Amino acid sequence: MVVGAIAALAAYHLNQSPEEQYFTAKVDKGDIRQVIDATGTINPVTSVQVGSQVSGMISKLYVDFNSKVTKGQVIAEIDPKLFDGAVLQARADLGNAQASLVAAKSNLVKDQATLNQNRLDYDRAVGLAKQGVVSQQQLDQAKATYDAITAQVGSDRAAIQQAEAQVAQRTASLKVAEINLDYTIIRAPINGTVVNRSIDIGQTVAASLQAPTLFTIALDLTKMRVYAKTDEGDVGEIRPGHSADFKVDAFPKEQFHGVVNQVRMNATTVQNVVTYDTIVDFDNPEMKLFPGMTAYVSIPVASVSDVVKVPNAALRYKPDLPAAKIQELYRKYGIEAAPSAQVSLESPAKQAGGATAPRPAAASSPNGTGDHAIVWKLLPDKSLQPVQISIGLTDHTYTALTAGDLKPGEELVTGVTTAKSGSAGPGLAGPRR
């Protein structure tokens with residue numbers, strides 16, 4: 001008899017029909033803020049890369065990382081020996097050209113004196129030839145001498161112009177050599193802070209192809225900005241002037257505030273995900289935040305106040321019932337047609353596998369009709385009632401109700417679990433949502 005009772009009890013438990021236990025969440029009332037989340041990098045508003053226009057070996061360094069500098073301050077020097085030699089050579093060449101100019105001018109003066117004398121001789125020969133005192137040959141010789149010295153004077157004038165050009169060329173060469181010598185002294189172009197140093201004493205700088213970067217100087221670290229990578233689906237909702245909040249890993253308990261300055265049109269594509277740089281300006285008076293830090297940015301772009309809001313989990317729930325039963329419940333509670341597709345609370349990039357934040361459920365304005373959805377209300381007798389609603393703005397936890405017969409405090413089904421009557425933990429099944 002004992003064995004028979006045990007068998008009967010086991011058969012009773014095995015043959016019991018399963019019971020469904022529903023998980024619910026209440027309809028609430030309050031405010032909803034639509035927030036766009038992004039990750040970015042902190043940068044100075046203005047930073048200047050200091051390079052070198054001449055090649056050579058670094059002989060002196062006067063600043064290091066985090067050094068404060070002022071405009072015109074000497075921050076490094078390149079070994080000037082070769083450039084000093086170039087300046088001396090250019091000066092010698094200029095002196096030689098100037099001496100050549102003086103010699104050319106002296107030759108002109110000398111030849112002009114000879115020209116005057118030959119002109120007088122020629123004029124005298126012409127007069128004597130008319131009187132028959134000088135032969136024709138002597139007259140021709142005086143004429144040739146006069147013409148030759150005239151040509152020589154012209155040549156002297158050309159030599160002076162050439163010598164003057166040489167002086168100008170040598171002067172320019174000297175100026176270039178002096179400028180190159182001055183470039184061996186590296187000066188700070190702005191007031192700021194050295195945030196990067198790429199050289200050491202003894203290192204050779206090669207500036208033949210492009211100017212190498214020696215230092216990076218940030219203009220003012222009390223005024224900085226975040227370059228936030230925002231998804232292409234979000235940039236249409238961001239406007240200059242929107243407030244923005246962000247956190248950094250260095251100060252996890254602090255929240256910092258800024259203002260959106262612009263959304264740059266330069267797109268970046270990584271693994272088929274397109275992002276744009278959203279520039280957030282902020283004040284850094286205590287200089288707690290450093291360039292290069294990762295910032296986790298939240299940009300509120302829309303909000304509604306004192307609205308009825310539905311849990312997003314309830315929007316995703318669909319009962320595990322036959323289609324005919326669901327249609328029967330729709331007709332019973334006056335729902336003419338169900339929405340053609342389940343409401344999506346995620347952006348297309350997220351649905352395609354991209355790493356982006358959830359998107360709002362409604363694309364219309366917060367006061368508009370929004371998207372349609374079906375939620376399931378749990379009645380006191382544990383039965384389900386479908387309710388068709390229109391939804392608007394979402395904060396990814398709750399979604400604003402724009403139309404529908406729901407009141408704060410009502411229970412909406414978010415999930416279900418199945419257990420056999422009288423059974424304990426091993427008889428529980430995983431929740432169905």
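The mean pLDDT of the chain, where pLDDT is the predictor's confidence in each residue from 0 to 100, is 84, and 84% of the residues reach 70 or more. This is a predicted model, in which local features need pLDDT of at least 70 and side-chain atom pairs count only at pLDDT 80 or more, while totals for chains, interfaces and linings use all residues. Residues are numbered from 1 along each chain as its sequence is written, and side-chain values use heavy atoms, with hydrogens and water left out.

**Where to read with care**

- Where pLDDT is low, the predicted coordinates should not be read in detail.

**Two nonpolar cores**

- A nonpolar core is a set of buried Ala, Val, Leu, Ile, Met, Phe, Trp, Tyr and Cys residues joined through side-chain atoms within 4.5 Å; buried means under 20% relative accessible area, exposed over 50%, and partly exposed in between (1.4 Å probe, protein chains only).
- The largest nonpolar core holds 22 residues, of which Ile42, Val226, Phe246, Leu289 and Val297 touch the most other members.
- Strands E2 (28-44), E11 (223-231), E12 (243-248), E13 (251-270), E14 (273-283) and E15 (294-311) each give two or more residues to this core; helices (H or I, at least four residues) and strands (E, at least two) are DSSP runs, numbered from the N terminus.
- E15 gives the most to this core, with four residues.
- Apart from this core lies another, of 18 residues, including Val63, Val69, Ala188 and Phe215.

**Strand E12 and its partners**

- Two strands pair if DSSP finds at least two bridges between them; E12 and E13 run antiparallel, joined by five bridges, with Ala244 opposite Gly258 in E13.
- A hairpin through two residues links E12 to E13.
- E12 is also joined to E15 by four bridges, again antiparallel, and here Lys247 stands opposite Tyr296.

- Helix H3 (residues 136-183) has 48 residues, which at 1.5 Å a residue should span 70 Å, and its end C-alpha atoms are 71 Å apart, in agreement; the expected span is 1.5 Å times one less than the number of residues.
- Among the buried residues of H3 are Leu139, Tyr146, Val153, Asp156 and Leu174.
- The buried residues of H3 pack against helix H2 (81-131).
- Thr184 sits in the loop between H3 and E7, and counts as buried because its relative accessibility is 3%.
- The side chain of Thr184 reaches the backbone oxygen of Leu181 at 2.4 Å.
- Beyond neighbours within four places in sequence, Thr184 is in contact with Val54, Ala76, Glu77, Ile78, Pro80 and Phe83.

**A four-stranded open sheet**

- The order of this antiparallel sheet is E7-E6-E4-E9, and its edge strands, E7 (185-187) and E9 (204-205), each pair on one side only.
- Three bridges join E6 (residues 74-78) to E7, where Ala76 stands opposite Ile186.
- E4 and E6 pair over three bridges, and Ala76 in E6 is the bridge partner of Leu61.
- Two bridges join E4 (residues 56-61) to E9, with Met57 partnered by Thr204.

Note on methods:
Contact = heavy atoms within 4.5 Å. Polar contact = N/O pair within 3.5 Å; in protein donor to acceptor, adjacent residues only side chain to side chain.
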